[in-house]
Amino acid sequence: LSRVESVERMRPTETVDLMGLLNSVVLAMQPLSHDNDTDLSLIADEAVADVMGDPDQLSQVFTNLIENAIKYGDGEVRVEITRQDQSPGVKGPAVAVRVSDNGEGIDPVHNPRLTERFYRVDSHRSREMGGTGLGLAIVKHIVNRHRGRLKVESDLGQGSRFSVVLPALDVAGLE
């Protein structure tokens, strides 16, 4: 987390094929998905734009979100990627990646603190499943570095949806 925070103000400069990156992350998460009897699927728009970013950090974002969905979900995790002409909080066209599960969901009282260091909704269950309580804090800082937005939607008994919205590159490769 300290390493991520130290470069948070430095904007990434690489062009990232987000669809290719997500395919790799989903493929890498298949063994965990299989071990947890979870169906993991990737659904994409036909015309998904590239983004300016750090591929290693973006991989970490989506690995953290998918791993949480597999651990706390209930049999199905969907990763959806769509292009948006405009999105609140992001300048210009954007790409949205939504990771959803159909688990227990999160009581809304926890939403303001979800991305705090070491914060856990259910400390006992989190310890049993492993992890440090830093995953969502890391996600938040990486998304901020990429000038994006993290959105959390969850209802008790109806699962959770974590969306990352990133500025898209236009066809000419310029924002």
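The dialogue below goes from the whole chain to single residues.

Modeller: Please keep in mind that this is a predicted model.

Biologist: What share of the contacts in the chain joins residues 24 or more positions apart?

Modeller: Counting contacts with a separation of 6 or more, 71% join residues 24 or more positions apart. As for the surface, the accessible area of the chain is about 9400 Å², and carbon and sulfur atoms hold 47% of that area. Of the 175 residues, 42% count as buried.

Biologist: How should I read a sheet, and what is the order of the strands in the open sheet here?

Modeller: The open sheet of 5 strands has the order S2-S4-S5-S7-S6, and its pairing is mixed. Strand S2 (39-44) and strand S6 (149-154) are the edge strands, as each pairs on one side only. On average, neighbouring strands of this sheet are turned by 15° against each other, direction ignored.

Biologist: Which strands run parallel, and which run antiparallel?

Modeller: S2 and strand S4 (residues 76-84) run parallel and are joined by 6 bridges. Between these two strands, Asp39 has Glu76 in S4 as its bridge partner, and Ala44 stands opposite Ile81 in S4. S4 and S5, by contrast, run antiparallel, with 8 bridges between them. Gln84 stands opposite Ala94 in S5.

Biologist: What is in the largest nonpolar core?

Modeller: To read a core, one looks at its members and at the elements that supply them. The largest nonpolar core here has 35 residues, and Leu18, Phe62 and Ile66 have the most contacts inside it. Two or more residues each come from H2, helix H3 (55-72), S4, S5, helix H5 (135-145) and S7. H3 gives the most to this core, with 7 residues.

Biologist: Which residues does Leu18 contact, leaving aside its neighbours within four places in sequence?

Modeller: Leu18 is in contact with Ala49, Asp50, Val51, Leu58, Phe62, Ile81, Val95, Val97 and Leu166.

Biologist: Is helix H5 mostly covered or mostly uncovered?

Modeller: H5 is mostly covered, with 8 of its 11 residues buried. Among the buried residues are Leu136, Ile138, His141 and Arg145. After H5 comes Arg147, which has a positive phi, near 60°.

Biologist: Let us end with a single residue. Why is Ser163 counted as buried?

Modeller: A residue counts as buried if its relative accessible area is under 20%. Ser163 is counted as buried because its relative accessible area is 10%. Ser163 lies in strand S7. Not counting residues up to four places away in sequence, Ser163 touches Val97, Arg98, Arg149, Leu150, Lys151 and Glu153.

Technical notes
Residues are numbered from 1 along each chain as its sequence is written. This is a predicted model: local features need pLDDT of at least 70, side-chain atom pairs count only at pLDDT 80 or more; totals for chains, interfaces and linings use all residues. Side-chain values use heavy atoms; hydrogens and water are left out. Buried means under 20% relative accessible area, exposed over 50%, partly exposed in between (1.4 Å probe, protein chains only). Contact means heavy atoms within 4.5 Å. Accessible areas come from the Shrake-Rupley method with a 1.4 Å probe; for residues, only the protein chains shown count as cover. Two strands pair if DSSP finds at least two bridges between them. Helices (H or I, at least four residues) and strands (E, at least two) are DSSP runs, numbered from the N terminus. Axes are lines fitted to C-alpha atoms, for helices over the stretch in contact, and angles run from 0 to 180 degrees between N-to-C directions. A nonpolar core is a set of buried Ala, Val, Leu, Ile, Met, Phe, Trp, Tyr and Cys residues joined through side-chain atoms within 4.5 Å.
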